[in-house]
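Hello,

Here is the structure I promised to pass on to you. Have a look at it first, and then read my notes below.

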Amino acid sequence: MHLTILGSGTAIPVADRFPASYLVAAPGGPLLVDCGPGALRRFAQAGGDVRDLAAVLLTHYHTDHCADLAALLFALRSPTYEGRAPLRVYGAPGLCRLVEKLTEAWPWLAPRGYELALHEVTPGRFAVAGAQVEAVPIRHTAQSLGYRLTADGGTVAFSGDADECDELVDLARGADVFVCEAATPDGQKLDGHLTPALAAGYAARARCRQLVLTHFYPPCEGVDLKAQAAARFAGDIVLARDLQTLPCGPAPSA
């Protein structure tokens, strides 16, 4: 199992970071965790083909995390993808209403030539594409979920957007990779979001192996975010870049 960062940015347009999206190569096919604007282009740039996409997991319904769901549904109506395996989409209660309203606005999003399976999930466990998934409630919106994926002996956890909450420790406990938002530098915290030191504090409590900081607003540019996180977390720290690929398994033995 490995992870490719498709989008490490936010709703604020910048040249080198697309909004939130992450590609996980699971045993049963590729999964997207969030599907922000431009995710499909990044997916293609990473060598992906939507014919093979097994599932989409949405952390919440802010546009910078789910707007390309509409683009995906439209793309899949093409005869190019007719007969492909069902696409499974997971999210908190409200997912069916979101897709219903999108389809009311754009009737050409209705599935044609393939099956669309929508799964509204509450905190708990389920399986998809050969991975075991745990959904954890996260403080951001009333519908926000973090996801913890385990497969092939490795575990990767995604905070989605998050404010301070102890559930982040449960989400990332013992994970090989913890992908956690750090929207702004220390001292510039936004409501509903974390900073590098806050994210690192949860990573340290969770005893995860590697912390991947992501979801950077423009004030993060030019700031040593890694140093801010390293003051609280002694493990490996990565600053996410679009199209960067990382392994999600245990560290190789010496």
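Let me start with two paired strands: β9 and strand β10 (residues 154-158) run antiparallel and are joined over 5 bridges. Please keep in mind throughout that this is a predicted model.

To find a pair by eye, go to arginine 148, which stands opposite alanine 157 in β10. The two strands form a hairpin with 2 residues between them. Aspartate 152 is not a glycine, yet it has a positive phi of about 55°. Its relative accessibility is 59%, so it counts as exposed, the cut-off for that being over 50%.

β9 also has a partner in strand β8 (residues 131-137), and these two run antiparallel with 6 bridges joining them. Here valine 133 stands opposite leucine 149 in β9. How much of strand β9 (residues 145-151) is buried? The count is 6 of its 7 residues, so the strand is largely enclosed by the rest of the structure.

Next, histidine 193. You will find this residue in the loop between β11 (177-181) and α6 (196-206). Although it sits in a loop, histidine 193 has a relative accessible area of 7% and is buried. Its side chain makes a polar contact with the side chain of glutamate 181, at 2.5 Å. Setting aside neighbours within four places in sequence, the residues in contact with histidine 193 are His140, Asp161, Ala162, Asp163, Glu181, Ala183, His215 and Tyr217.

Beyond its neighbours within four places in sequence, leucine 246 is in contact with His2, Leu3, Gln210, Val212 and Val238.

Finally, look at leucine 243, in the loop between β13 (236-239) and β14. Leucine 243 has a positive phi, about 75°, although it is not a glycine. With a relative accessible area of 35%, leucine 243 is partly exposed.

Happy browsing, and do write back with any questions.

Best wishes

Conventions:
Residues numbered from 1 in each chain as written. Predicted model: local features only at pLDDT ≥ 70, side-chain atom pairs only at ≥ 80, totals over all residues. Heavy atoms only, no water. Helix = DSSP H or I, 4+ residues; strand = E, 2+ residues; numbered from the N terminus. Buried < 20%, exposed > 50% of the residue type's maximum accessible area, 1.4 Å probe, protein only. Polar contact = N/O pair within 3.5 Å; in protein donor to acceptor, adjacent residues only side chain to side chain. Contact = heavy atoms within 4.5 Å. Pairing = 2+ DSSP bridges.
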